[in-house]
Amino acid sequence: MSPSIPGPRRTPARGRRAFAATWWGQAWVTALEDSTLDSGRLSRGRTYARQGMVGPTIVAPGQVTAAVQGSRPRPYRSAVHLPVLTDTQWDTLLDTIAARAGHLAALLDGEMPAELVDDARHAGVPLLPQPAELDPECSCPDWGYPCKHAAALCYAIASTIDADPFVVFALRGRGREEVLAQLRARRAAAHATATPPAPAGLPAVGAYAAWAALAEHPPLPELPEPAPHTAALPTAPPPGTGLSTADLERLMADTATRAARLLAEDTTSLHLTQREDAARIAASDCGPEWFHHLIQNTGAKPIAFARLARAWRYGGPTGITVAEQPHTPDPTAMTAARSALTETLTEMTTTPVALRAWRNRLTLTGHGIQLRLGPDTRWYPYLQDDDGDWWPAAPADGDPVTALTSVWQQTER
């Protein structure tokens, strides 16, 4: 079935207000702005969008296109591409929506539930775009990535996404009517089956949830630290599979350790994507050989993967969220932290230190230190390397001053 895709939409010129009023519209804008370091072209793109230079936008699976008026008489053909979801990912996403009645009700009311996006992400389905996923294209001769015309289009479509979250679904490959039809089919199938057959197998999450839901179960004895797994595989993996005996035995040992932690009611690593789970393994000092295999099998860039593993080491799954997803926190918390840090810095140094705030991040200009406020209300310290990249540097703390002092000496040596 072909997606039901919205037709051309006239994007109104914007005033001095932000381009997106909702959190999911802001996530779209953030993905654009985090995809490039070229602030000049982004600034010109915002100006073009506010001046109404973006023509009617057309949303299709994997792309939004429009004619954008530039300095020449003939408009340029601009587009922003976004990867569509696979059929398997769509099944997972639709199951996620159907699992909670409130998800569909919110979507029909023009709201994108944050819980839906989180549940989908935990299941390995990216609904809202990540910076690396947005791929701009334009017929203009500008080599910028994005050029100002594609940037203008991306800013302009944010208000459309604000008004109708189903536009994001259409960009991911399926339009509003198709999504609703498939959700109705799922609901009808669920009602028609009074006693569903037992599944052949359960994911670890489901099995643990079923066990935990029992009203009565005897208390578990105190668990010792799991012994190292030493059993060898009975046969070698088939040739050509890309699997090595050593890696499989390591995974067996890791599975045994995780099972013991689940019995001890530590469910931290239940809801992980493949990439997050690989970062978890890498953060456990798995050794250079296995670290290299993890990079190869996830298709990650080595530096980016190393940064992800460092984020897990200092903050677990929340640390990865802090590393990759800036958000707009309560302004009161940011103001209080800024005041406390300013007072502390006055005592620590005789040279004035400028504090620059952006969303959930406070940066000590000229010192290579940044503090990021996580969704768990803790402050995560980061240090900047010689290439200008930010790296997690120490465990998080609920007090921004303590988080600062934990890395201050490293920059003052």
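## Strand pairing

In this predicted model, Val 68 has Tyr 76 of β3 as its bridge partner. The strands concerned, β2 and β3 (residues 76-81), pair in the antiparallel sense, with six bridges between them.

β3 also pairs with β4 (residues 135-138), again in the antiparallel sense, over four bridges. Here His 81 stands opposite Asp 135 of β4.

## Nonpolar cores

The largest nonpolar core has 49 residues, and the members that touch the most others are Trp 28, Leu 93, Met 112, Leu 134 and Phe 169. At least two residues each are supplied by α1 (23-33), α2 (39-50), β2 (63-68), α3 (87-99), α5 (114-122), α6 (148-163), α7 (166-171) and α8 (176-192). Of these, α6 gives the largest share, nine residues. In soluble globular proteins, nonpolar side chains tend to be buried together.

Beyond its neighbours within four places in sequence, Leu 93 is in contact with Leu 85, Leu 116, Ala 120, Val 125, Leu 127 and Phe 169.

Thr 363 lies in strand β6 (residues 361-364). Is this residue buried or exposed? Its relative accessible area is 6%, so Thr 363 counts as buried, the cut-off being under 20%.

Setting aside residues up to four places away in sequence, Thr 363 touches Ala 354, Leu 355, Arg 356, Ile 369, Gln 370 and Trp 390. With one of these, Gln 370, the side chain of Thr 363 makes a polar contact of 2.9 Å. Leu 383 is 20 residues from Thr 363 in sequence, and the C-alpha to C-alpha separation of the two is 9.8 Å.

## Cysteines

How many disulfides are there? The count is zero. For Cys 140, the nearest cysteine sulfur is that of Cys 138, 3.6 Å away. A disulfide requires the two sulfur atoms to be within 2.5 Å, so Cys 140 is in no disulfide.

Cys 140 has a relative accessible area of 10% and is therefore buried. Cys 154 is likewise counted as buried, at 1% relative accessibility.

Notes:
Residues are numbered from 1 along each chain as its sequence is written. This is a predicted model: local features need pLDDT of at least 70, side-chain atom pairs count only at pLDDT 80 or more; totals for chains, interfaces and linings use all residues. Side-chain values use heavy atoms; hydrogens and water are left out. A nonpolar core is a set of buried Ala, Val, Leu, Ile, Met, Phe, Trp, Tyr and Cys residues joined through side-chain atoms within 4.5 Å. Buried means under 20% relative accessible area, exposed over 50%, partly exposed in between (1.4 Å probe, protein chains only). Contact means heavy atoms within 4.5 Å. Two strands pair if DSSP finds at least two bridges between them. A polar contact is a pair of N or O atoms within 3.5 Å; within protein, one must be able to donate a hydrogen and the other to accept it, and residues adjacent in sequence count only if both atoms are side-chain atoms.
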